[in-house]
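Subject: Structure handover, with notes on what was found

Dear colleague,

Please find below the structure that I promised to pass on to you.

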Amino acid sequence: MKKLMLGNEAVARGLFEAGCSFVSSYPGTPSTEITECAARYAEIYAEWAPNEKVAMESAFGACLAGKRSFCGMKHVGLNVAADPLFTIAYTGVNGGMVIGVADDPGMHSSQNEQDSRHYARAAKIPMLEPADSAEAIAFTKEAYEISERFDTPVLLKMCTRVSHSQSVVEPGERVEKSRSYEKNPQKYIMMPGNAKRRHPVVEERTRALLEWAETWEGNRLEAGESNDMGFITSSTSYQYVKEAFGDRYPVLKLGMIWPMPKKKILDFAASVKKLVVVEELDSFIEEHARNLGLDPVGKDVFSPIGEFSQNLVKELLGEEVPQGKALEENIPQRPPVMCAGCPHRGLFYTLAKNKITVMGDIGCYTLGAVPPLAALDTTICMGASVSGLHGFVKALEGSADSKTVGVIGDSTFMHSGITGLVNASYNASNATVIILDNSITGMTGHQQNPTTGMNLKGEPAAAVNLEELCRAVGIRRVRVVDPYDLKETEEAVKEELAAAEPSVIISRRPCALLKYVKHRGPIAVDTEKCRSCKACMKIGYPAISMENGKAKIDNTLCTGCGVCAQLCKFGAL
Amino acid sequence: MKTQNIMIVGVGGQGSLLASKLLGRLLLTRGYDIKVSEVHGMSQRGGSVVTYVRFGDKVYSPIIDKGEADFIVSFELLEAARWTEYLKPGGKIVVNTQRINPLPVIIGAAEYPENLEEKIRSAGIGLESFDALSLAEKAGSAKAVNIALMGRLSKFFDFSEEEWLCAIKESVPEKFLELNKKAFLLGRQA
């Protein structure tokens with residue numbers, strides 16, 4: 001029966017049908033739903049790992065045990081897991097292993113726009129790239145066949161528009177697959193002597209895969225009415241090309257992006273008058289074509305920045321595109337904001353008020369950078385707040401008090417903040433780390449993590465005690481504050497900054513969007529008492545505005561957190 | 001059939017994902033090729049969000065480009081004004097007249113433009129405006145504003161009331177079904 005499926009849901013369906021029975025991932029937009037959907041199948045064991053490296057190594061362990069396994073992550077997550085990636089390329093697999101990676105062209109929800117296709121070539125691992133949900137199912141299953149046939153992990157490359165688009169699929173049945181484990185030190189112990197023998201195996205594997213890529217139907221030739229132009233493309237760029245030109249020109253659609261066929265591409269190039277490569281981000285296919293001695297239209301016309309669209313492809317190739325009517329009006333931007341009742345708001349207000357330098361991290365709290373709070377100084381990657389803070393305060397040691405803190409969420413702290421804290425403790429920097437413990441992984445849509453006491457399947461699980469963990473790595477000053485209480489929060493920040501040793505403040509209150517969180521209900525404004533001082537506006541709270549010079553609360557939004565009331569000197573709130 | 005394009009725009013958290021899910025279910029019953037493109041992650045935190053729904057004999061691109069939308073369904077007035085350029089000549093905007101101030105307006109860094117409905121109409125753009133929020137509240141919950149909007153949109157398509165209600169049944173939890181049916185019918189009659 002035909003169904004509409006999100007690309008990520010379709011990957012999960014592919015995992016199910018392929019007989020995958022082990023999934024370990026770390027959430028990251030736009031990859032998260034693959035693992036969430038996989039967890040709904042009773043036949044698949046699925047878990048959230050603390051980070052992508054752990055997830056990949058766990059998935060490798062499961063494949064070594066003979067099961068078909070999967071790990072999923074966003075593009076930057078693959079950087080975290082790059083260490084095992086490059087070496088499991090050498091060991092190969094036992095049961096099939098597929099690694100899902102989702103790029104984010106246009107950076108809808110990411111800190112950079114890296115092109116993960118480079119990893120396939122660099123690690124010498126084949127990469128498939130589906131262009132819609134039906135292909136997401138088919139390619140996921142194909143990836144396992146390739147993995148076991150060629151003894152290699154396989155990368156499955158998604159992107160935002162494939163991951164988060166629904167299209168029509170026809171689900172199939174599950175086929176159970178597993179192998180037994182046999183000890184094989186030469187293959188699985190990658191010490192130099194063995195690894196030297198494995199590297200030629202990897203090169204030979206790539207050669208065999210290349211040969212296979214020449215005939216694989218996923219690298220598909222679509223005929224056109226005219227050979228004046230011909231496109232080589234893949235993924236979502238393929239959809240834009242077809243939307244723009246229909247069947248007018250022939251298209252070579254690549255489903256396998258590494259290794260890329262040679263003969264197929266050369267034959268195609270010879271059949272058209274003008275060869276055009278359309279690909280988002282870097283010139284990956286184009287460079288391959290150039291290495292083959294071709295001279296396609298590519299990044300000289302199409303930008304390496306941002307997403308494409310059907311009109312963009314048409315326009316850059318000199319075609320007319322439809323026009324709409326923009327209003328001649330200044331339309332204010334609507335940036336994402338911290339939610340009403342967000343526990344991070346009180347903390348960021350405190351940091352901004354005291355003019356503290358703040359090393360930020362990845363999560364909802366990156367929104368602390370948005371005016372009027374504008375509390376952050378830097379955001380790089382998962383965990384960089386803690387280690388960056390250590391370097392910052394060490395560099396300024398002995399000079400005037402730098403008043404610098406790092407802020408990091410509970411999930412991000414477990415991902416890679418703890419190692420930075422070990423460094424701050426071991427190398428004795430005067431760092432003040434604030435863990436924003438909202439008891440959930442917020443930004444990606446409420447995933448459990450090792451501190452929440454629940455696992456991915458919603459079952460009770462062991463919970464890491466953050467206070468004890470911080471003490472165990474040698475931090476003596478560990479305290480917990482409620483960020484709704486501005487006085488308590490400010491005292492803690494001032495005292496810990498003044499202390500001559502590393503310290504941790506756990507700013508603890510569950511995310512306001514969690515279902516179990518009870519709210520007090522909207523705050524009332526006493527307009528008689530309101531003096532229009534706008535002190536309550538300093539926190540950038542979406543539920544407060546000024547109407548006729550008086551504070552006004554939006555009752556549909558206000559949760560009654562009471563942070564604004566603490567700012568009012570006149571008792572109007 | 002030539003591809004039809006519907007854009008659903010609004011403010012993160014208003015329920016546009018459910019509206020697109022409902023449309024998808026409905027369109028699937030007629031055997032169309034369909035693509036629905038959503039936005040997840042950071043943009044959902046109260047930011048401007050857009051969902052694309054495309055259907056026809058064969059749909060390639062998951063997104064709708066400038067000048068391509070047959071309909072723009074907007075959960076909020078300013079968001080309707082933001083996306084007019086995506087409307088096809090002769091296309092229609094169905095808008096909930098609710099006004100939600102974006103943060104730059106709340107903190108006084110920008111102004112919410114006045115008389116937007118008038119301005120959109122005088123630009124020669126087909127605009128169907130109504131108070132979907134009140135209808136949703138009347139049906140029992142402000143959260144049903146998405147379904148009230150779908151009710152209004154339904155007037156422009158040849159699907160029967162029964163087909164729509166059936167798709168709603170498949171898209172919302174049982175305990176909210178009556179409320180949503182009511183919101184849909186109020187929107188359809190508006």
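A:R334 forms a salt bridge with B:E79, and the closest N and O atoms of this pair are 2.5 Å apart; the term salt bridge stands for a side-chain nitrogen of Lys or Arg within 4 Å of a carboxyl oxygen of Asp or Glu. Across the interface of chain B and chain A, the rule finds 4 salt bridges. Between these chains there are also 24 residue pairs in polar contact, with both residues at pLDDT 80 or more; a polar contact is a pair of N or O atoms within 3.5 Å, where, within protein, one atom must be able to donate a hydrogen and the other to accept it, and where residues adjacent in sequence count only if both atoms are side-chain atoms.

Before going further, please keep in mind that this is a predicted model, in which local features need pLDDT of at least 70 and side-chain atom pairs count only at pLDDT 80 or more, while totals for chains, interfaces and linings use all residues. Residues are numbered from 1 along each chain as its sequence is written, chains are lettered from A and ligands numbered from 1 in the order in which they are written, and side-chain values use heavy atoms, with hydrogens and water left out.

To return to the interface, the contact (heavy atoms within 4.5 Å) takes 58 residues from chain B and 58 residues from chain A. The area buried between the two chains is about 4600 Å², of which carbon and sulfur atoms give 59%; buried area here is the accessible area, found with a 1.4 Å probe, that two parts lose on being put together, summed over both.

Within chain A, the side chains of A:R68 and A:E145 meet in a salt bridge at 3.2 Å, N to O. This pair links distant parts of the chain, since A:R68 is in the loop between α3 (52–64) and β4 (69–74) and A:E145 is in helix α7 (residues 133–150), 77 residues apart; helices (H or I, at least four residues) and strands (E, at least two) are DSSP runs, numbered from the N terminus. A:R68 is buried, with a relative accessible area of 1%, whereas A:E145 counts as partly exposed at 39%; buried means under 20% relative accessible area, exposed over 50%, and partly exposed in between, with a 1.4 Å probe and protein chains only.

A second salt bridge joins the side chains of A:R161 and A:E307 at 2.9 Å, N to O. A:R161 lies in helix α8 (residues 160–163) and A:E307 in the loop between α13 (284–291) and α14 (310–316), so the pair ties together parts that are 146 residues apart in sequence. A:R161 counts as buried at 7% relative accessibility, while A:E307 is partly exposed at 22%.

A:E214 lies in helix α10 (residues 192–215) of chain A, and its side chain reaches the backbone nitrogen of A:K262 at 2.8 Å.

Finally, a search of the whole structure finds 54 salt bridges over all chains.
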